[in-house]
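Here are my notes on the model, as numbered points. Please read them with the structure open.

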Amino acid sequence: MNLTDLDLQGQRALIRVDFNVPLNEAREVTDDTRIRAALPTIQYVLEQGGSAVLMSHLGRPKGRDEEFSLKHILPRLEALLGQTVKFAPDCVEDAALDVTQSLKPGEVALLENLRFHPEEKGGDEFFAGQLAENGDVYINDAFGTAHRAHASTAVIAKFFPEDKAFGTLLAGEIDALDKVLANPEKPLTAIIGGAKVSSKLGIIEHLIGRVDRLIVGGGMAYTFVQAQGGSIGTSLVEPEMHAQALAILEKAQSSGTELLLPTDTLCADAFAPDANTQVVPTNAIQADWMGLDIGPKTTARFVEAVLTSKTVLWNGPMGVFEMATFANGTNAVAGALAKATAESGAFTLIGGGDSVAAINQAGLADQVSYVSTGGGAMLECLEGKVLPGIAAIRD
Ligand code: AMP
């Protein structure tokens with residue numbers, strides 16, 4: 001299942017990568033993070049005497065559409081790899097096989113966008129078999145799509161019963177998740193924030209009973225506060241989630257998870273960076289005022305909880321961190337994760353879209369243990385789901 005278990009000498013490694021990168025109007029790559037993330041696996045294959053056939057999706061084309069051609073990323077890929085890459089104008093049949101069947105050790109080929117074929121998302125077995133003809137071994141290194149049972153991410157694995165493995169990136173994600181969910185060093189603290197309880201309910205339910213402390217911050221905290229009878233002004237709230245919020249509080253108590261909610265709040269009289277602000281108890285926000293960040297007492301409590309933990313998982317901001325006025329709580333949590341990593345050797349994992357943006361904004365991404373690359377895939381892992389892309393390699 002590991003890259004190092006594969007005999008790659010003289011073999012064509014068919015690698016599912018995630019090159020779904022942002023492009024500008026001129027169809028130039030504006031952020032090559034995902035291409036860089038795939039390099040270790042590609043380089044390992046080449047070092048071991050193999051060749052690499054890369055396949056990916058790009059965007060959401062409806063059928064063949066030049067706008068979404070992977071040829072747009074070819075120049076950046078070649079620059080990063082430091083070698084030429086052969087481009088196949090399709091991912092199956094002769095257009096692909098003409099390139100991949102004659103590939104020599106040390107060479108790299110890139111197949112055209114998988115999603116030009118609806119069979120990719122449909123998980124079509126015949127199509128997966130056609131894709132499989134492009135390689136002798138199969139490597140999945142696309143964590144961002146591992147939660148999809150598509151032809152190239154999951155179905156294809158059955159054509160390589162012995163010769164399949166996780167790439168370096170995917171293996172790193174699995175390892176980081178295991179350190180939090182399977183074998184965490186205790187105390188284990190999870191910080192869940194963001195806008196809505198409803199979108200994090202699955203995660204919270206999976207984590208309760210598994211974590212020692214569950215910190216709930218961000219807009220979603222006000223649903224908990226209101227459910228307990230607090231006044232939250234015009235703060236973000238999901239009244240239809242009151243019952244679930246109360247059930248979570250009860251479950252936390254009965255399962256030995258300490259649940260920490262904000263006790264003070266930085267509220268504002270408008271959703272704007274230059275609004276008037278004041279700090280009040282979270283359950284006593286005046287009418288017409290809205291809570292947009294955790295208050296200083298809460299921040300200190302959350303930071304203390306992080307600094308006394310050996311494992312920390314963070315998903316979701318503590319406030320509207322996109323506006324500097326309301327970013328203090330989120331930045332303080334980011335700083336605490338970096339400090340816990342450096343000073344107490346804690347394992348700190350940032351999982352999920354907005355907390356990744358927040359740790360980058362704080363300039364601390366390289367000071368935590370692991371920053372996940374997969375948004376939706378990471379969320380599903382945190383909900384305890386088995387991802388099809390991971391199961392396909394393990395089966
Ligand atoms: P999510 O995608 O659910 O993780 O939510 C992230 C978004 O929640 C960010 O855009 C934040 O600005 C927003 N957010 C966090 N706290 C609050 C809050 N107190 N009020 C309104 N929006 C918030």
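1. Start with Asp136. At 28% relative accessibility, this residue counts as partly exposed, because the buried class ends at under 20% and the exposed class begins at over 50%. Keep in mind throughout that this is a predicted model.

2. Which residue does Asp136 form a salt bridge with? The partner is Arg12, and the closest N and O atoms are 3.1 Å apart. This pair links distant parts of the chain. Asp136 sits in the loop between α5 and β5, Arg12 sits in strand β1, and 124 residues separate them. Arg12 has a relative accessible area of 12%, so Arg12 is buried.

3. Strand β1 deserves a look of its own. The strand covers residues 12-16, and five of the five are buried. That is why β1 is described as largely enclosed by the rest of the structure. Arg12, Leu14 and Arg16 point one way from the strand. Ala13 and Ile15 point the other way. In a regular strand the side chains alternate between the two faces of the sheet. Here the residues pointing either way are all buried.

4. How many bridges join β1 to strand β2? There are five, and the two strands run parallel. Strand β2 spans residues 51-55. For a spot to check by eye, take Ala13, which stands opposite Ala52 in β2.

5. Glu120 belongs to helix α4 (residues 118-122) and Arg16 to strand β1, so the pair ties together parts that are 104 residues apart in sequence. Are these two residues buried or exposed? Both Glu120 and Arg16 are buried.

6. Gly10 is partly exposed, with a relative accessible area of 45%. Gly10 and Lys104 are 94 residues apart in sequence, yet their C-alpha atoms are 7.7 Å apart in space.

7. The salt bridge count for the model comes to 13. One of them joins the side chains of Asp90 and Arg64, at 3.6 Å from N to O. Asp90 lies in the loop between β3 (85-88) and α3 (93-100), and Arg64 in the loop between β2 and α2 (74-81), so the pair ties together parts that are 26 residues apart in sequence. Asp90 is buried, at 12% relative accessibility. Arg64 is partly exposed, with a relative accessible area of 46%. Elsewhere, Asp32, Arg36 and Arg76 are linked in a network of salt bridges.

8. Next, surface charge. Which residues form the negative surface patch listed here? They are Glu93, Asp94, Asp98 and Glu133. Glu133 is placed in the loop between α5 (125-132) and β5 (137-140). Its relative accessible area is 42%, so Glu133 is partly exposed. Glu93 is found in helix α3. The backbone of Glu93 is also worth checking: its phi is near 60°, a positive value in a residue other than glycine.

9. There is a patch of positive charge on the surface as well. Arg60, Lys62, Lys121 and Arg148 gather in it. Lys62 is in the loop between β2 and α2. At 81% relative accessibility, Lys62 counts as exposed.

10. Lys186 and Pro187 are joined by a cis peptide bond, with omega about -5°. Pro187 is in the loop between α6 (168-182) and β7 (188-192). Asp288 has a phi near 75°, again a positive value in a residue other than glycine. Asp288 is placed in the loop between β13 (284-285) and β14 (290-294). With a relative accessible area of 60%, Asp288 is exposed.

Methods: Residues are numbered from 1 along each chain as its sequence is written. This is a predicted model: local features need pLDDT of at least 70, side-chain atom pairs count only at pLDDT 80 or more; totals for chains, interfaces and linings use all residues. Side-chain values use heavy atoms; hydrogens and water are left out. Patches are made of residues with over 30% relative accessible area and no salt bridge: like charges are joined within 9 Å, nonpolar side chains (Val, Leu, Ile, Met, Phe, Trp, Tyr) within 5 Å. Accessible areas come from the Shrake-Rupley method with a 1.4 Å probe; for residues, only the protein chains shown count as cover. A salt bridge is a side-chain nitrogen of Lys or Arg within 4 Å of a carboxyl oxygen of Asp or Glu. Lys and Arg count as positive and Asp and Glu as negative; His and the chain ends are not counted. The place of a charge is taken as NZ of Lys, CZ of Arg, CG of Asp or CD of Glu. Helices (H or I, at least four residues) and strands (E, at least two) are DSSP runs, numbered from the N terminus. Buried means under 20% relative accessible area, exposed over 50%, partly exposed in between (1.4 Å probe, protein chains only). Two strands pair if DSSP finds at least two bridges between them.
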